[in-house]
Amino acid sequence: MICPVCKYDMLVVEYHDIELDYCNSCKGVWFDTGELELLLKSHGLEETKIFLDGILNSQETTSSEKKRNCPVCDQKMKKKSLGAQPEILIDMCRDKHGLWFDGGEVAQLIRRLAEEHPSKRDSKEQVISFLEEVFEAPD
Ligand SMILES: [Zn+2]
Ligand SMILES: [Zn+2]
């Protein structure tokens with residue numbers, strides 16, 4: 001698969017039963033539909049499904065960030081906002097092929113999820129250390 005941002009070939013990263021596509025150049029990550037949920041589930045963060053569904057069903061966000069094309073079908077993706085401070089803007093394929101996170105955004109998402117579910121702090125640490133290992137997420 002080709003990175004929607006810089007057009008380099010992405011690397012396939014396998015983790016548990018999940019395959020992620022990772023761009024070594026811009027550090028962005030592509031999750032096929034369902035893979036993000038699987039990643040969270042494998043760390044006991046399954047109640048986050050409601051949170052994720054809320055994002056996926058939310059209105060498209062207007063943003064000055066450049067539109068990106070889905071690496072599967074090459075259509076322009078929708079921008080979805082995951083809330084403020086700092087705002088995380090992800091790209092979602094209209095045909096539900098998957099989600100694109102810019103470098104570091106996955107780690108920000110996990111942190112935010114864990115703040116909403118303090119009992120899952122250990123799971124959060126595991127997911128974050130995995131992400132930092134694989135994706136070199138900034139702080
Ligand atoms: Zn890239
Ligand atoms: Zn698509």
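Analyst: Let's start with a term: a residue is called buried when its relative accessible area is under 20%, exposed when that area is over 50%, and partly exposed in between, with a 1.4 Å probe and protein chains only. What you have here is a predicted model, where local features need pLDDT of at least 70 and side-chain atom pairs count only at pLDDT 80 or more, while totals for chains, interfaces and linings use all residues. Residues are numbered from 1 along each chain as its sequence is written, chains are lettered from A and ligands numbered from 1 in the order in which they are written, and side-chain values use heavy atoms, with hydrogens and water left out.

Now to ligand 2. It is a zinc ion, and its protein donors are Cys 70 (SG), Cys 73 (SG), Cys 93 (SG) and His 97 (ND1), sitting 2.0 to 2.3 Å away from the metal. Donors here are N, O and S atoms within 2.8 Å of the metal (3.2 Å for Na, K and Ca), and as water is not among the atoms, sites may look incomplete. The 4 donor atoms around this zinc ion subtend angles of 100 to 121 degrees, so the arrangement is tetrahedral. That label asks for four donors with all angles between 85 and 135 degrees. For reference, the ideal angle for four tetrahedral donors is 109.5 degrees.

Read along the chain, the donor residues of zinc ion (ligand 2) are spaced C-x2-C-x19-C-x3-H. Cys 70 lies in the loop between helix 2 and strand 4, whereas His 97 lies in the loop between strand 5 (89–92) and strand 6, so this pair ties together parts that are 27 residues apart in sequence. Helices (H or I, at least four residues) and strands (E, at least two) are DSSP runs numbered from the N terminus.

His 97, at 26% relative accessibility, comes out as partly exposed.

The backbone of Asp 74 has a phi near 70 degrees, which is a positive value in a residue other than glycine. Asp 74 also takes us to another stretch of the chain: its C-alpha atom is 8.7 Å from that of Pro 4, though the two are 70 residues apart along the chain.

Thr 61 belongs to that loop between helix 2 and strand 4 as well. It counts as buried, at 19% relative accessibility. Setting aside neighbours within four places in sequence, Thr 61 is in contact with Lys 79, Lys 80, Ser 81, Glu 87 and Leu 89, contact meaning heavy atoms within 4.5 Å.

For comparison, look at the zinc ion (ligand 1). Its protein donors are Cys 3 (SG), Cys 6 (SG), Cys 23 (SG) and Cys 26 (SG), at 2.1 to 2.3 Å. The spacing of these donors along the chain is C-x2-C-x16-C-x2-C. Angles of 103 to 124 degrees between the 4 donor atoms make the arrangement around ligand 1 tetrahedral. Cys 23 is buried, with 0% relative accessibility, while Cys 26 is partly exposed at 26%.

Finally, the wider setting. The protein chain has 4 helices and 6 strands, and from the N terminus on these run β-β-β-α-α-β-β-β-α-α. Of the 139 residues in the chain, 44% are buried. Take the contacts between residues at least 6 apart in sequence, and 46% of them join residues at least 24 apart.

Note on methods:
Tetrahedral: all angles 85-135°; square planar, octahedral: opposite > 155°, others 65-115°.
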